[in-house]
Each structure stands twice: as structure tokens, then as C-alpha cells.
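Subject: Structure handover

Hello,

Here is the structure for you to take over. My notes on what was found follow below it.

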Amino acid sequence: MNGNAGQRVVVTGATGNVGTSLVRALAREPRVGSVLGLARRRPGLELPGVEWAEVDVSEEGDAPRLAQYVAEADAVVHLAWAFGPTHDPVATWRTNVLGSVRVFDAVAAARVPTLVHASSVGAYSPGPAGGAPVSEAWPTHGWPGAAYTREKAYLERVLDTFERDHPQTRVVRMRPAFLFKEESASGQRRIFAGRFFPGQLARPELLPLLPEFDGLRFQVLHTDDAADAYRRALLRDVRGAFNLAAEPVVDGELLGRLFKARPVKVPAGAVRGALSAAWHLRIAPASPGLFDALRQMPLLATERARRELGWEPEASSVDALEAFLRGVRAGAGDETAPLAGHRIG
């Protein structure tokens, strides 16, 4: 995007965790003329300068309509992603990989000037021994045992080919850590813990002990801060990948303070075994492969985003986790189907 007024931005997956934060940020941005949010179901959100249209990127029959909307864009932000069903990797491949390819093909056909793609820390290969943070140059081969990481890594290779074949399009890949906000709490609880997990259990007084295992070390970012980075990437002449994360790094000690609980060392194998049993019994939607991927993910160095985007997260990782936990306990959500909470059904 060149910074001129009146630019039109099309956002796929606009009703999800990042999408709702991004369309709100773009609605406030004077250098953006209009925003078109694409989603499988039209939301109840009404925002100035934001229009909505129904498109399912996983459906081949929706490809002509997708192409029509993308053809009108000055920039496309591709966020559409399905985290489940984790027992059906073919279904997630159809949405996440084939759906993404349809978006990229539409961008190429229309010669859209800018494409911003939602990659992830999950695209990275296992981190270095010693746990030093990695730059955007770290290999992106993912972790083979989880559909999420396989798909994120595969799309990195697809974009490599896209950039080679379509140099007229400026491609930006955002690679954030885990993203949380209060309004996403109900949706993320359903994705990772299941719809029947009672949010009231996430209270400090009910968790006197907190399991801690080797490899429990990850990064978090408030979703609104991630959306701000996306906005900046749209408005600046930048290309390539950007790591996004907030401080401090989350580990067992920090989680213990957050929950006011005493961390207790347990073997990682025991945690994985319990999760595997729950997943196979379809009690928990998060697969044991995701647990393995979590233990392998590197920490992210974010100097490039701070330097080239002028980006600085406003919320700490603790702030983001506290907001998420408030949302879990309250059943918070947003006026969209993916994020719906108890308050809006």
C-alpha cells in the first residue's frame, strides 16, 4: 500500500480473533478508505467504513465470488483459518491450505499490490539448543506431528513460489506468538479445551497446584497489538516476515504467579498421555501433536518489527493472559459466530 487516501482493504477471516481487532483498527485509520470483511457467516458488527460479505474459502464454488471481491482490493489481508476438527486433517487442509491457495490465486489474477498473510510461530522449525530467540531467517519447516504446524509451514513454501512468480505484489508474512484478548476467550476455550469446559474453573482459588513440565516456555501477545502490526505493515513499504511477541516469556513460574498457584514438576510424557487420552475420547479438541509442537516452538526475536514497522506492543504478555482469563471466567465473546460468548449466544 502506498499510503494514499481511499485505499480498499479486503480481509479474509475477518470475524475471528485477529480479524475483529484488525477491522476495528482499519476502521479508525484515515489512510484506509474502506474495508471489506469476508467470512463464512455475516456478523452482527457494525463499524464505520466496514462492509461484510459471505465467502467460504474452503469451497471451490465460492472461488468466483472470492475473485470478484479481491479484484476490487488495493490490499488483501489473509487471516481465514480453521483450527479444527483436529480429528479430520483433511478438513483443515481443505480450508487452510487449499483455501489459502484460492486467495493467493485471486490476488495474483487481480495483480493486487499488497498481500499480508497470517503465518505463525508454528511455522518455524524447532528452536536452537539453549532456547535463544530466533530471527525471521530461522527455517520454517514446522513440526510434522500437528496439522496446524504442517499447514503453516506448507504455506510458507507456497508463498515462496508466489513471490517468485508475482514480484509485482508486495508480500508480508506476519509470524506472531500466541494471540489472546478478552473478546476471543469463549471461542478459544472451545477450540482448545472444548465447549463443555467450565470457564469458572480458571479461577486462582480453584488451582492451588499448577503442573509444570520441561519445555513449558512460550510467548504471548495481545491480539490488538498484533492488529496494530498488521495495520503498520499495510501502510509501509515493507516486505518479508515479521515476528511478533510481547515480554515477558511465559513459563511455569509466571503461570504460577498468574494463577496464584504453586508450580509442581510433572513428566511431560504424563501430561501428553493424559491429553492424548482426552483427545482420543473426544473430550478435549487439542491434539497431542499440538502439545509436542508447543514444546518445540522457538522464542521469537522481534527487533525487525520494532525497527521497520515502528511497532511496540502496548500490553505485556501478562496483560494479554489476564484479559483472556477474565474473558474465560465471564464467558466473554464478540458479535461474530467464531467468537460468540455466553452474552450473545
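This is a predicted model: local features need pLDDT of at least 70, side-chain atom pairs count only at pLDDT 80 or more; totals for chains, interfaces and linings use all residues.

N17 is found in helix α1, residues 17-27. Its side chain makes a polar contact of 2.9 Å with the side chain of T223. Apart from residues up to four places away in sequence, N17 touches L179, F180, K181, S184, Q188, T223 and L339.

Nonpolar cores

The largest nonpolar core has 35 residues, and V11, V77, M174, Y230 and L309 have the most contacts inside it. Helix α6 (residues 223-235) gives the largest share of this core, 6 residues. A second, separate core has 27 residues, among them L38, Y69, V103 and V171.

L309 contacts M174, A229, R232, A233, R236, V238, F242 and R304, with neighbours within four places in sequence left aside.

Salt bridges

There are 20 salt bridges in the structure.

- R304 and E308: their side chains meet at 3.0 Å, N to O. Both residues lie in helix α10 (residues 303-308), 4 residues apart, which is about one turn of the helix. R304 is buried at 17% relative accessible area, whereas E308 is partly exposed at 28%.
- E156, R157, D160, E163, R173 and R175: salt bridges that share partners join these residues into one network.
- K265 and D214: the side chains form a salt bridge of 3.7 Å, N to O. This pair links distant parts of the chain, 51 residues apart, with K265 in strand β13 (residues 262-265) and D214 in the loop between β8 (209-212) and β9 (217-218). K265 has a relative accessible area of 57% and is therefore exposed, the cut-off being over 50%.
- R164 and D165: the salt bridge between these side chains is 2.8 Å, N to O. R164 counts as exposed at 60% relative accessibility, and D165 as partly exposed at 40%.

Surface

W93, L98 and Y154 make a nonpolar surface patch of about 270 Å². Of these residues, L98 lies in helix α3, residues 89-110.

Regards

Terms used
Residues are numbered from 1 along each chain as its sequence is written. Side-chain values use heavy atoms; hydrogens and water are left out. Patches are made of residues with over 30% relative accessible area and no salt bridge: like charges are joined within 9 Å, nonpolar side chains (Val, Leu, Ile, Met, Phe, Trp, Tyr) within 5 Å. Accessible areas come from the Shrake-Rupley method with a 1.4 Å probe; for residues, only the protein chains shown count as cover. A salt bridge is a side-chain nitrogen of Lys or Arg within 4 Å of a carboxyl oxygen of Asp or Glu. Helices (H or I, at least four residues) and strands (E, at least two) are DSSP runs, numbered from the N terminus. A polar contact is a pair of N or O atoms within 3.5 Å; within protein, one must be able to donate a hydrogen and the other to accept it, and residues adjacent in sequence count only if both atoms are side-chain atoms. Contact means heavy atoms within 4.5 Å. A nonpolar core is a set of buried Ala, Val, Leu, Ile, Met, Phe, Trp, Tyr and Cys residues joined through side-chain atoms within 4.5 Å. Buried means under 20% relative accessible area, exposed over 50%, partly exposed in between (1.4 Å probe, protein chains only).
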